[in-house]
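Let's look at this model together. Each question asks what lies behind a label, and each reply checks the label against its rule.

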Amino acid sequence: MRKSVVAIVGRPNVGKSTIFNRLVGERISIVEDTPGVTRDRIYSQAEWLTTNFNIIDTGGIELGDEPLLVQMRAQAQIAIDEADVIVFMVNGRDGITGADEEVAKLLFKSNKPVVLAVNKVDNPEMRENIYEFYSLGFGEPFPISGTHGLGLGDLLDEVVNHFPELDQQEVDDETIRFSLIGRPNVGKSSLVNSILGQDRVIASDIPGTTRDAIDTPLKRDDQDFVIIDTAGMRKRGKVYESTERYSIMRALKAIERSDVVLTLIDAETGIQEQDKKIAGYAHEAGKAVIIVVNKWDTMKIEEKTMKEFEDKVRDQFRFLDYAPIVFLSAKTKKRIQTLLPKVVEASENHARRVQTNVLNEVIMDALAMNPTPSIKGQKLKIFYAAQVSVKPPTFVVFVNEPELMHFTYERFLENRIREAFGFEGTPIKIYARRRT
Ligand code: GDP
Ligand code: GDP
């Protein structure tokens, strides 16, 4: 089910990223760490009581050398476009500034719920500073302190109160949800259009439509699909949409809501570093993955080149060794009909549950073929295995001592499981647990 999205906006230095980091808790770096970049994440998951949600630090999306006001407007617009609830942050030590008023104007015009957070209220005596912020017109200001972690509970209570009733139909199990990711110009929107069999741009960008409206449903041979986030691929021409951070954020959001992710490569330009990075997100999210080599019409001698290209892909995308590769042309539509059957297959494998007794036979056969390793004289013993979840298929192997499960042996077990059950297109996870 899709999670609600919260965005934090406000002028620089009010404490947005401080609060973001507090809400996100442990530092999981989604966006690769780059030296000199302090904000390594702008989009992450958080939870309050029993509610999980996604949170965006819009301050992390910077637009080169644009003037401050342009930056702030763009960031506010991102929040308005992407979020279900906006946390508008101001600084309780500075009072209302002109820049705050600018942001307020934009937020006011949107129909999104806005919760006003007055940060840097580090002690109770400072609480009286908050009253002037009523004049911004967003109702009750919530005093918080990012440094001391004060007031966040009350703020989050209010934020969660504004979450929309999420559409339960979205969890309809029969429907396969997939998304297309890849760097700009690999042909994502062209491929969506060819899948849909129409040349014009698909979803209309009507202001005020819910974000769900940009998902595109389609039906083939009685199978329902939803293509996630198709409108996000269109070039709407807003400055922030061309920033890399923003496109990564969009990709992550689309991936999260998908069962199957198609990661596109451009045959004409060949594999690039960024392709691997983007595909890595899909892999890490535990989604089914299909590698699509697009623009195959630009290649000359098809068959021979295909094998060569495939070897290259396998070599460069080792972490995706389970992903099938489809060569096609969004433009000429060649082999486009092979794509959806692969999506169905990958999705079925992603959701597949195997029988426990068969699983254990496979494991025992594996043990007989390749005895377990020893580390410092202690031998790994495997007692039995169970599949504990799907999407992706996840297995727990009960052992005498988990530390003795060397990754090469785990890899061997994974291969045996794959040989026995298929699982093409989906990652599988294996955990060793001590039998108690
Ligand atoms: P952003 O630009 O809005 O993301 O702001 P930052 O999170 O980078 O914070 C700007 C500065 O304010 C940093 O020096 C923070 O340490 C400081 N700061 C953040 N929250 C608080 C707070 O609650 N109280 C005080 N006194 N300082 C804070
Ligand atoms: P996106 O940025 O990933 O959505 O890429 P687009 O769908 O906008 O395509 C980028 C460019 O590549 C456009 O000029 C398309 O016409 C072109 N293109 C897309 N698919 C193909 C293809 O299969 N073959 C060729 N030759 N060009 C393609």
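Q: What makes one face of strand E16 (residues 394-399) covered, and which residues sit on each face?
A: This is a predicted model. The covered face of E16 holds Phe 395, Val 397 and Val 399. The uncovered face holds Thr 394, Val 396 and Phe 398. For single residues, the label buried needs 20 or more other C-beta atoms within 10 Å.

Q: How do you know that strand E15 (residues 382-389) and E16 pair?
A: Pairing needs at least two bridges. E15 and E16 have 6 bridges, in the antiparallel sense. So they count as paired. Ala 385 stands opposite Val 397 in E16. The hairpin of E15 and E16 has 4 residues between the strands. In that hairpin, Lys 391 takes a positive phi near 55 degrees.

Q: In which sense does E16 pair with strand E17 (residues 429-434), parallel or antiparallel?
A: The sense is parallel, over 6 bridges. Two bridges would be enough for the label, so the pairing holds. Thr 394 stands opposite Lys 429 in E17.

Q: What makes strand E8 (residues 216-220) and strand E9 (residues 223-227) a pair?
A: 5 bridges join them, and the strands run antiparallel. The rule asks for at least two, so E8 and E9 pass. Leu 218 stands opposite Phe 225 in E9. Their hairpin has 2 residues between the strands, and Asp 221 takes a positive phi near 45 degrees there.

Q: Why is the set of 88 residues called a nonpolar core?
A: A nonpolar core is made of buried nonpolar residues joined through C-beta atoms within 7 Å. The largest such set here has 88 residues. Ile 86, Phe 88, Ala 117 and Ile 291 have the most contacts inside it. Helix H6 (residues 244-256) gives the most to this core, with 7 residues.

Q: Why does this core lie between domain 1 (4-161) and domain 2 (176-350)?
A: Both domains give residues to it, so the core lies between them. Another core lies apart from it, with 15 residues, among them Val 399, Ile 417, Phe 423 and Ala 432.

Q: Which residues is Phe 88 in contact with, leaving aside its neighbours within four places in sequence?
A: A contact needs C-beta atoms within 7 Å. Phe 88 has such contacts with Val 9, Gly 10, Val 103, Leu 107, Val 114, Leu 116, Ala 117 and Phe 138.

Q: What domains does the assignment give, and how many Å apart are the C-alpha centres of domain 1 and domain 3?
A: The assignment gives domain 1 (4-161), domain 2 (176-350) and domain 3 (356-434). The C-alpha centres of domain 1 and domain 3 lie 45 Å apart.

Q: Which residues come nearest to ligand 1?
A: A residue is near if its C-beta atom lies within 6 Å. 15 residues are around ligand 1, and Gly 15, Lys 16, Ser 17, Thr 18 and Gly 146 come nearest. Helix H1 (residues 16-24) gives the most to this shell, with 3 residues. By class, the shell has 2 nonpolar, 10 polar and 3 charged residues. Gly counts as polar here.

Q: What surrounds ligand 2?
A: 16 residues do, and the closest are Gly 187, Lys 188, Ser 189, Ser 190 and Lys 331. The largest share, 3 residues, comes from helix H5 (residues 188-196). The shell divides into 4 nonpolar, 8 polar and 4 charged residues.

Definitions and conventions: Residues numbered from 1 in each chain as written. Chains lettered and ligands numbered in written order. Predicted model: local features only at pLDDT ≥ 70, side-chain atom pairs only at ≥ 80, totals over all residues. Domains from an automatic or database assignment. Buried ≥ 20, exposed ≤ 12 C-beta atoms within 10 Å, placed from the backbone. Contact = placed C-beta atoms within 7 Å.
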